[in-house]
Structures are given as C-alpha cells and as structure tokens.
Amino acid sequence: MKVVDRNRAMLDEGYLSTYQLDDYIVIVELSGKKVYLDPGEKMCPFGSILWTHTWTAGFRLTDQGAIFATTPGITFKESTVKRTANLDIDAAGNVKGSVRFAMTGPEALYWRQKAFMNDEEEVKRQFNESMHPYLPEGVQADFDHFIGLDDPGVILVGIVNISGNIGSATGKHFFLPGLFFESSAKHPFVAQEKRITPIDVHCPKLEQDEVTYHLPLGFSIESTPQDANTVWPDNAMLKIHSNVKDGSVTIIRTLAYNFTLLDQKDYSNLHDFYLKVATADQQQLVLARAPLAKGN
Amino acid sequence: MASPLSSNAFRFPARLVAFLLLAASPSFASWFGKDKQDLPQWGLDAAKTPTPAYVKDAAAVVLFDEYLETVDAQGRAVEREREVIRILKPQGRHTNCEVSYDVDEKVNYFREWTIAVDQKQYQAQDTDFVDVGDTDTPVMLSTRKTRVVHPPAADVGAIIVCESEELLEPYLQETDWQIQSSIPVVFQALEMDLPAGRAHSEAWHKFTPVKPFEVAPNHWRWEIKDMPALDLRQVKSHPAWAALAARMSVQWGDAAVEGKDNQWRAIGQGTAKLEEHRPDPSPEITAQTQSLIAGAPDFYAKLSRITEYIQKNIRYFIVERGIGGLQANHAADIFRNRYGDCKDKTTLLISMLQVAGIRAVYMPVDSHRGVVDPEDPSIYGNHMITAIELPPNVQDPRLKAIVKANDGKRYLIFDPTDERTPVGNLPSSEQGSFGTLAAGASSQILALPVLDPDANGTERKGVFTLSPDGVLTGSVDTSHIGPEGADLRGFLKYTDEKERREAWENHVAETLPGVTLDAFQFTQPSALDKPLEFHYKVTVRQYSHQAGSLLLVRPRVVGSLALAFDDKPRIYPIDLDATGRWRDSFDIMIPSGYVVDETPDPVSLDLDFASYHSTVTAKGNLLHYEREYIVRQVVIPPDKAASFRLLESAILSDEKDSAVLKKQ
C-alpha cells in the first residue's frame with residue numbers, strides 16, 4: 001500500500017496526483033487477519049507502523065486493482081511513557097536523584113531510529129536536551145544509560161540523573177512543584193481559545209508519572225496536590241493522587257488521550273480539558289518548617 | 001576552503017578553513033573524478049595513524065591536514081591541501097571535504113578517495129561533487145561558491161582522503177590557518193613557500209606560538225600535533241566559537257613587518273588604501289548633506305541627522321563579487337542606488353561627514369566579540385563600522401562610545417549598518433571587541449568601549465488584580481533604551497501586526513504560561529535615541545495556586561533576567577551579552593478576604609561585574625515587588641564562574657519565589 005506521510009499532508013481524493021503519495025507499507029493477511037508492517041522503518045516492531053503511516057490514506061493493491069484505503073491508528077496503550085522519579089531534597093532545596101523513563105510505541109521508535117543516524121552518546125545528548133522543557137527551573141538532567149536501545153521487542157528504558165536546586169522557601173514554608181515534570185511544561189491548547197483548523201496530535205498517548213520526594217528532616221507536609229480525576233469522555237483523562245509515607249511523598253499523575261485527529265468543532269472541549277490539566281499541574285507541595293525547640 | 005565567518009558584508013575569505021566536518025577544494029566537472037588516479041602514498045601513510053584516546057566521543061577525526069602555499073613573485077598564492085579523515089561515528093558520515101572559490105580564483109584540481117572499512121579503495125566521480133552557492137544570507141547576491149564532495153562508501157570506520165589545489169585571489173597577501181575545529185586533528189601542517197627576499201610575519205590566536213623550520217630557502221613549515229576539538233554545545237553563556245578557536249595568520253605583503261603595532265598599522269593602511277577615493281562626495285551627496293545639516297545647532301545634531309539618514313534610507317543589501325567582499329562601492333553609487341552593505345554604509349557615512357566637515361575613517365571589526373585579537377594582526381573579521389573623529393571641544397554626554405587613539409585623538413565608534421542603535425551608542429555585541437582604526441599612519445588596533453549600564457536596559461512596570469479564583473489581570477508598561485531598544489525596533493520593523501502580537505504573546509508566555517494578551521500597543525519615537533515603549537494588558541488563568549488553606553502567588557509576574565548556568569567546571573570565559581540596567585516594579589492587588597501571611601526574603605547581591613537587588617513588600621491588600629539588575633561587564637573570566645553561579649542562582653530563586661496569602 002502506498003500512503004501519504006501524515007507528518008507532511010493528508011490525502012485529497014479529489015486531487016488526482018500520485019505525487020501526494022510518499023511511502024510504502026505492507027499488508028499481510030495472517031489467519032484471515034490483516035497485519036500492517038512497515039519494512040522501510042528500521043526498528044519498527046512487527047505488527048506496527050510508524051505513526052506518520054497511521055490514520056492516513058493511500059492506494060492499496062487488491063485483486064480488483066488499486067483502491068483508496070485507510071490505515072489503522074494506534075491506541076494510547078500502544079504509545080506510553082512512564083517516568084518514575086526518586087528525588088532526595090535537602091533543607092536548602094538541593095535535589096538529587098534519578099528518573100527512569102520507560103517508553104513503548106512511537107516514543108521508543110523515535111529514539112531507536114535516532115541511534116542509527118547517531119551513536120549512543122549523541123542520542124543521550126539529544127535525549128537530555130529533550131528533557132529540558134519538562135524540568136523545573138534550576139534542575140539539571142544528566143542522562144546515564146539506555147536499556148533496550150537496540151531491541152525493538154522490549155520496552156525502551158532511559159535512566160537520567162537529576163541534580164540542582166528546586167522549590168522556593170519563605171520563613172515558615174517550603175514549596176516544591178507538585179507535578180515535577182509538568183510545573184514548567186508548556187501545555188498545548190491552553191493559550192488559544194478558538195481554532196479554525198482541525199487538530200492532529202500525531203498519535204494517542206499514555207503518560208504516567210510517579211515522583212517520590214524524600215523530604216528533609218525538620219519539615220512536615222502541610223498540603224499535597226489535590227487529587228484529580230478529570231475526564232473528557234471517550235477522549236482523554238487526567239488522574240492525580242498523592243501518597244504520604246514516612247518522610248516521603250509520592251505523587252502519581254496519569255494523563256491519557258486516545259484521539260489522533262479532531263475536528264475544529266471539538267476544540268472548545270479540548271481547550272477546556274487542557275485548562276483543567278494546566279491548573280492541576282501547577283499545584284504545589286507545601287512543607288511546613290517544624291518549630292524550633294525552645295531552649296532553657 | 002570555506003570561511004568560518006558568516007558574511008556581514010565585509011568578507012575576508014579565510015584561506016585555511018575551519019572544517020566543521022572538513023575542508024578541501026575546487027570546481028569544474030572535468031577536473032574531478034574521471035582523471036582516475038591511485039590513492040597517493042601520503043594518504044595511505046596517514047591512514048595508518050591510530051585514533052588517539054583524546055578523541056573521546058568525536059564524530060570523526062582528522063588524521064592529517066597539510067596546506068602548502070606557494071607564493072609567486074607578485075605575491076599571489078597557489079594553495080594545495082591534503083587531508084585525511086577517519087569517520088568514527090554514524091553522525092560523522094556527513095564529514096566531507098570542500099573548497100570555497102570566487103571569480104578571481106581557480107580550482108586546479110580536487111580529488112577524493114575513500115578507504116572503506118573492508119579496505120577497498122574508491123575514488124569520487126564527477127557526480128560525487130556538487131557546487132553550492134553562497135545563499136545563506138537572504139539579502140545577498142554573491143559569486144562565491146563551495147565545491148563539496150560526497151565521498152563514496154563513507155561509513156563508520158572509513159577513511160576519506162582529499163587533495164585539492166587552488167589559485168587564490170591576487171589581492172590578498174595573508175592567510176589564516178584555522179588550526180582548531182569541531183573535530184580533533186592529530187597532525188596538521190602549514191607550509192609557506194615564499195620567493196627569495198620576500199618577508200613574512202606570523203601571529204597566533206588562542207594558541208602558544210609554534211616555531212617553523214625552514215625546509216628550503218624561504219620555505220617555512222609549521223607543524224601542530226594533537227589539537228583537541230572545540231565543542232561548545234554543552235557550555236552555557238560562552239563567547240563566540242571563532243573567539244575561542246585557535247588560529248594562526250601569516251602575512252607576506254605590506255603587513256609582513258616586525259612588531260604587532262607595525263603590523264596593525266600596515267593592515268589599517270591597507271584598508272585605507274583599498275577604499276581610497278571611494279567616499280569622495282558627489283554633487284548629489286553634497287547637496288543632500290547640506291540640506292540635512294542646515295540649521296543644526298551643535299555637533300550632535302549635525303552628526304545624528306546624517307547617521308539617522310543613512311540608517312533609515314540606505315537599505316542593507318550585499319552584492320559580493322570577488323574583491324567586492326573586501327572593497328566598498330563608490331559613495332556616489334551607493335547614494336544613487338540607496339542600498340549597500342556595511343562597507344558601503346560606512347563609505348557613504350564618511351562621505352557625508354566629510355561634506356559636514358567631520359573626519360571619519362573605516363574600522364574593520366567582527367560582529368562577534370573576541371574574534372578580532374590584538375595578538376593576531378590580521379584582516380580576519382566580517383564587518384565594517386565607522387570611527388568618527390571628535391573635535392577636542394565636543395563634550396556631549398550623548399556620545400558614549402568613545403575611544404582614544406594613541407595619538408590622543410578621540411573617536412566615536414558607530415555602526416551605520418545597525419539601523420536602530422542611535423549614534424553615540426554601540427550594539428552590545430561590538431562592545432568589548434577590537435577594531436582596526438584605518439587612519440593612515442595613525443592606523444592601529446583599538447579596544448571598542450564597554451558602555452555604562454545606563455546606556456542600555458529596560459524598565460518594566462505592572463499593575464495587576466488577582467481574583468479569588470486565581471485569575472490575574474492587569475497591564476504592563478515597558479520602556480527600552482540603547483541596544484535593547486534597537487533590537488525591539490528591529491522586531492517591529494520585520495513583523496506585521498499579527499506576527500508581532502503573536503510573537504509578543506509567546507514572549508510573555510515564557511514566564512506567564514497560558515497568558516492571553518488583551519491589548520497590545522507600542523510607541524516608537526522617530527528619534528532613535530528616545531525610548532521605545534510597549535503597553536500591554538494580560539489575563540492569566542491559574543496565576544495563584546491553592547495549597548490547602550493557603551494561596552501562593554509569585555510576586556515577580558513577568559520577564560526573566562536569568563542566564564543559563566550549570567555546575568560544571570569552567571574553562572572558557574562567560575559572556576554576559578550586554579551591560580545595562582533592568583528594573584521591574586509590579587503591584588498585585590490581592591483578593592478581598594485574604595491577607596499576606598509571608599513574603600520571600602529580599603535579595604541583595606553586589607559583585608564587581610553585576611548586582612541584583614529585589615524586595616517584596618505587603619501593604620494592605622497590595623503586594624509589591626521590585627528589583628534592579630545591573631550588568632557592568634560583557635565578559636568575565638572563567639575563574640569568576642562561582643560568582644556567576646551565585647548571581648544566576650539568586651536571580652532564578654528570586655524569580656520563582658512565592659508569597660503566601662491566607663484567609664482573614
């Protein structure tokens with residue numbers, strides 16, 4: 001099947017030009033079931049295709065000749081990023097710890113394909129740079145190593161060391177970003193109230209963050225980010241939950257969206273959903289300084 | 001060969017080039033490929049060089065790079081380059097050889113061989129060579145081209161061997177040897193084969209001089225081993241790459257004299273000679289100038305009317321053909337056509353000032369601070385500005401960018417290519433740099449001034465109201481002077497209303513995510529020395545954050561002054577970008593029913609190169625924030641990295657601090 005690269009264009013069936021078509025994919029019938037394969041995309045796992053070839057259209061060869069056809073999309077379960085962070089915070093706000101990134105689907109394929117054009121050191125450097133927008137101000141990332149970079153059949157894992165200074169303090173309180181990876185992130189669709197063109201988010205995605213702050217001595221937790229359970233039916237959902245335990249707090253955030261293309265008439269719902277996400281993501285973790293013991 | 005410097009209308013086609021990923025030579029299809037030749041022995045020998053350990057994670061390594069410049073009796077050079085490169089990583093596959101040439105040059109030959117990983121040998125064919133036009137600058141027509149070879153079988157582990165020979169332009173008697181690159185170089189050499197009796201001089205930039213040996217009478221050879229790569233990708237706030245990269249220059253013309261002062265004098269005299277009579281005023285120039293200065297009450301008025309005329313009426317456009325990269329057009333042509341490059345603008349300015357009775361001279365510089373080095377007398381650079389001689393009786397505080405030459409004369413340094421920085425001031429990127437005063441026998445290298453903080457900066461005032469549901473609304477008024485104001489005038493010039501509104505909204509959103517720009521206006525006075533003002537209104541949802549019973553509010557509402565920094569050991573100077581004074585003052589009316597419970601501590605930091613002070617106060621239902629940031633130097637040495645980190649971390653911390661509100 002010859003298809004349009006969705007990162008470049010959408011097929012216009014009324015425009016009779018084969019120049020619209022970019023790439024070939026393969027459809028194999030196995031036990032009566034169609035399996036879509038992407039042999040031109042190295043490291044693309046069996047049974048999946050590059051995101052630019054999903055939810056697109058083109059010509060498919062059949063016994064009756066070439067026909068217009070579309071390709072299937074992927075679900076958020078096939079496109080995941082899980083970030084697990086363990087961070088030690090001292091009383092001056094210095095942070096030290098590590099983050100474990102676990103990636104499947106398009107995100108994993110993106111980095112694996114990077115490794116063909118560059119060596120692993122360069123991929124690490126680029127991965128580090130890609131993290132910057134997601135780190136709170138004052139926090140630095142130093143990529144350590146990948147696991148599974150050369151095996152498309154496994155989850156791709158990246159280990160990143162974290163250091164720097166985080167949070168802000170007043171005389172009585174110490175504030176930490178409630179949602180570590182989102183406090184500085186630019187949320188899409190928030191600033192723009194109206195939209196006159198359709199929306200393409202490339203592919204659905206499931207983001208799961210589990211961030212554990214190990215708190216400094218002399219501080220108690222005054223408040224954690226409020227639990228959230230925001231749902232845009234059939235399209236997206238956000239969940240936030242905090243667990244406090246023995247001098248540490250773990251904040252779990254799950255954001256999933258299961259759409260790829262949206263009509264502009266759906267924009268107001270999209271905008272509203274992301275406004276709620278942005279609000280929830282700006283929450284703080286508030287620590288209170290323990291009162292000093294009175295001397296004799 | 002390719003120039004490591006971007007064109008800014010004054011083009012010195014640097015002879016020996018920085019290979020981003022390498023450089024060799026020539027053009028003309030019949031000179032390449034088909035004349036099949038065996039891989040030369042020097043290439044085979046160099047290919048045996050082991051990859052040294054210091055190469056670390058470089059994408060490729062130059063094993064051997066040798067230039068031979070053969071100068072004839074007239075001083076014209078033929079350059080041969082031999083180069084051997086090993087590809088080490090997948091991203092090194094883009095490594096290739098290239099040769100830059102213009103109309104007055106001729107590529108005699110350009111060959112490339114590859115020793116593949118399996119030791120098979122390949123030679124590049126005609127179809128592996130391509131000519132690339134000099135099209136990076138949209139406002140330029142240039143005849144310069146670069147011939148690039150795409151080596152066959154270039155994969156990890158392969159070795160690329162290139163050889164080229166080029167007859168160089170007849171009007172340059174200087175070569176610049178770029179000895180440091182973005183990849184390491186194991187062995188490199190430069191040979192100068194000079195005619196009997198012809199003198200030469202040499203100078204080095206960011207490198208301990210190496211003594212040459214005379215391989216034959218007046219045939220000199222310099223060798224350098226184990227040059228590390230210069231990789232600044234992970235270095236925050238670093239000077240320009242070309243300011244740090246090691247290079248060496250050799251003169252064999254008039255500047256081949258003893259002593260750096262004499263060399264700089266000869267270089268300045270060379271520029272003056274090249275431009276001789278170019279600024280001669282035509283009757284039309286004379287008439288225009290006289291009309292401009294009629295009734296001017298003082299020196300400043302006379303001067304600023306002329307400089308603003310050129311800034312506003314002569315469009316910046318480069319036409320570069322051969323020597324046109326170095327030599328300006330005639331003032332009469334520039335005035336008639338109403339366009340020109342930096343040399344042309346300087347030429348017309350000198351011409352008009354001459355009509356007004358003010359003497360001015362050319363000053364070649366580089367648009368990046370630190371590239372022109374007083375220790376390396378050379379025409380290496382990419383820009384031309386103007387040095388205007390100030391009469392002894394002129395003492396005007398508006399004329400800030402003044403330097404004194406060693407003959408006691410005072411010169412006002414002015415860049416007529418910068419269409420928005422007023423005369424008297426100087427673009428920040430040129431401050432703290434060096435330029436060649438091309439003033440006949442008084443020619444010399446001069447340090448360009450670093451201006452007082454009061455010559456540049458921004459004042460920002462904001463008044464806001466915070467609603468109980470966390471929405472912040474308010475207005476911001478900003479006033480910008482000096483180079484900062486000039487940059488924003490440029491932003492206004494090159495955007496339409498829609499673009500500038502979007503760009504401004506994005507700019508504000510960097511510190512106020514989710515902001516909506518409710519109104520946006522600017523006031524741009526015609527006079528360049530008057531402040532540029534912006535007035536805008538914003539709405540920000542979720543500005544404050546509920547945390548249990550507390551409401552957290554960031555008193556520093558908009559704008560960031562922090563520069564990027566990290567904790568890594570520092571070996572390079574730190575570029576602070578610009579001197580200046582920045583002040584913020586924000587008032588936030590807090591929601592009724594709330595009181596300010598806590599405010600962040602004040603910040604007060606005084607260093608020799610900068611200071612930062614901020615305070616947050618609460619009075620009734622008003623939360624007031626103000627800060628002042630002053631930068632006094634443009635570059636600080638690496639041993640001040642700890643102070644720089646202290647400063648930036650204080651700014652960052654202050655910018656993200658919150659005030660705590662609680663319900664009454």
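1. In chain B, helix α9 (residues 497-509) lies across β27 and β28 (532-540), and runs at about 120° to β27(B). Helix α10 (residues 641-656) of chain B packs on the sheet, where it touches β34, β35 and β36 of chain B. The direction of α10(B) makes about 20° with that of β35(B). The model is a predicted one.

2. The sheet is open and has eight strands of chain B, in the order β27-β28-β26-β25-β32-β36-β35-β34, with mixed pairing. Its edge strands, β27 (515-523) and β34 (603-606) of chain B, each pair on one side only. Direction ignored, neighbouring strands are turned by 10° against each other on average.

3. Strands β35 (residues 610-619) and β36 (residues 622-631) of chain B run antiparallel and are joined by 10 bridges. Opposite His613(B) stands Glu628(B) in β36(B).

4. Helix α5 (residues 299-313) of chain B has 15 residues and spans 21 Å from first C-alpha to last, close to the 21 Å expected at 1.5 Å a residue. Its buried residues include Leu303(B), Ile306(B) and Ile310(B), and also Lys302(B). The buried residues of α5(B) pack against α4 (283-293), α7 (342-355) and β22 (410-414) of chain B.

5. The contact between the chains takes 29 residues from chain A and 26 residues from chain B. On the side of chain A that touches chain B, the elements supplying at least two residues each include α1 (106-117), α2 (120-131) and β20 (284-289) of chain A. The most comes from α3(A), with three residues. The residues of this side of chain A divide into eight nonpolar, 14 polar and seven charged.

Notes. Residues numbered from 1 in each chain as written. Chains lettered and ligands numbered in written order. Predicted model: local features only at pLDDT ≥ 70, side-chain atom pairs only at ≥ 80, totals over all residues. Contact = placed C-beta atoms within 7 Å. Helix = DSSP H or I, 4+ residues; strand = E, 2+ residues; numbered from the N terminus. Nonpolar A, V, L, I, M, F, W, Y, C, P; charged D, E, K, R; others polar. Expected span 1.5 Å × (residues − 1). Buried ≥ 20, exposed ≤ 12 C-beta atoms within 10 Å, placed from the backbone. Pairing = 2+ DSSP bridges. Axes fitted to C-alpha atoms, helices over the stretch in contact; angles between N-to-C directions.
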